[in-house]
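Trainee: Could we go through this model together before I set anything up with it?
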Amino acid sequence: MPAKPIRPERTRSASAAGMDVPSFKLSLVKAVFRDVTPLHVSRSAARAAASVTRTVLTDIIDGALRAAEEEPRKKLLPTDLVTAIGRNVELEVGDSWYHHSPTFKGLTGVLLDAEGAVVHAPKRSRSRKPSAVVGAHRFEAGVRRLLRNRGTAAVPAMVRDLDGLASVFLTDLARDAAMVVREGGINRFGTVTLMTPGEPADMRTSVPAPVPALSTRTGDGRTISRDDVLAATTIQLSGEVRQRALTAAREATETGSDG
């Protein structure tokens, strides 16, 4: 009896996942961009945005998986999502979703306005034009594909939260990409300084390596290109997840594998 061929072992690398999982549909990605900007979105820009969103969700799912494995438990619960984000500040994306999700209520604290009054979460819009929150259900198929690829499943509440985070993150990414086009590049940066108790803070300004190359854009002012999405990624993400997302997006747009 002939020996069975040895199958390559799966890894949980976010960039590797980008090559063997179909992304969120490009038509869906472009629909999100149309919700926030009248600018034309190139196919490579939509492909890059899909890849970046997938990398972020893959990292979040992997963090939740590590939390679930400590139980041990196979199916992911919303508490695993909270644990993953709590352990890795780089995964804290789609902040506005937290105000809508029952999972995060009570964890984000009470939001006060300038006069000290409690700011309540906005009600869901009934507008025909979907917001990032109202349109979150559009991402369910892509989320479930990612979960299957990671060899896991999640309860409906967890899927809902992943849908919401994907929708809000991609909407924020689209807004920033449109801003890059309008402003002709990245004209402002935020700096986060990580401090260790008892040790002096390093006050040197840290500018991410990909930023200088993206700080001034070329091309017309009517189209969002791949590089505009990469520039928006440097605004939305930080640390290792940003670097993985940029690498995966470049690979996806160069090889055409992210379809």
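This is a predicted model: local features need pLDDT of at least 70, side-chain atom pairs count only at pLDDT 80 or more; totals for chains, interfaces and linings use all residues.

Trainee: Which residues of the largest nonpolar core touch the most other members?

Mentor: That core has 58 residues, and those touching the most other members are F33, I60, L76, I224 and V229. The elements that contribute two or more residues to this core are α2 (26-36), α3 (43-69), α4 (78-87), α5 (140-149), α6 (156-183), α8 (226-236) and α9 (239-255).

Trainee: And what is V229 in contact with, leaving aside its neighbours within four places in sequence?

Mentor: With those neighbours set aside, V229 is in contact with F33, A45, A48, A49, L173, A177 and I224.

Trainee: At what angle do α3 and α8 pack?

Mentor: The angle is about 30°, with the two axes 7 Å apart, and since angles under 35 degrees count as roughly parallel, α3 and α8 are therefore roughly parallel to each other. On the α3 side the residues are S44, A45, A48, A49 and V52, and they meet R226, V229 and T233 of α8. Sorted by class, the contact of α3 with α8 holds five nonpolar, two polar and one charged residues.

Trainee: Are α8 and α9 roughly parallel or roughly antiparallel?

Mentor: The axes of α8 and α9 cross at roughly 170° and come within 10 Å, and because angles over 145 degrees count as roughly antiparallel, α8 and α9 are described as roughly antiparallel to each other. Here R226, L230, T233 and T234 of α8 meet R242, A245, L246, A249, R250, T253 and E254 of α9. By class, the contact of α8 with α9 has four nonpolar, three polar and four charged residues.

Trainee: Changing topic, which residues in α5 are buried?

Mentor: The buried ones are G142, V143, L146, L147 and N149. Viewed down the axis of α5, they fall within an arc of 165°, so they line one face of the helix. Just after α5 comes G151, whose phi is positive, at about 70°.

Trainee: Last one, where is W97, and is W97 buried or exposed?

Mentor: W97 is found in the loop between α4 and α5, and because buried means under 20% relative accessible area, W97 counts as buried at 2% relative accessibility. From C-alpha to C-alpha, W97 and G164 are 6.1 Å apart in space, while 67 residues separate them in sequence.

Technical notes: Residues are numbered from 1 along each chain as its sequence is written. Side-chain values use heavy atoms; hydrogens and water are left out. A nonpolar core is a set of buried Ala, Val, Leu, Ile, Met, Phe, Trp, Tyr and Cys residues joined through side-chain atoms within 4.5 Å. Buried means under 20% relative accessible area, exposed over 50%, partly exposed in between (1.4 Å probe, protein chains only). Helices (H or I, at least four residues) and strands (E, at least two) are DSSP runs, numbered from the N terminus. Contact means heavy atoms within 4.5 Å. Axes are lines fitted to C-alpha atoms, for helices over the stretch in contact, and angles run from 0 to 180 degrees between N-to-C directions. Angles under 35 degrees count as roughly parallel, over 145 as roughly antiparallel, 65 to 115 as roughly perpendicular and the rest as oblique. Ala, Val, Leu, Ile, Met, Phe, Trp, Tyr, Cys and Pro count as nonpolar, Asp, Glu, Lys and Arg as charged, and the others, Gly among them, as polar. The arc is that of the directions from the helix axis to the C-beta atoms.
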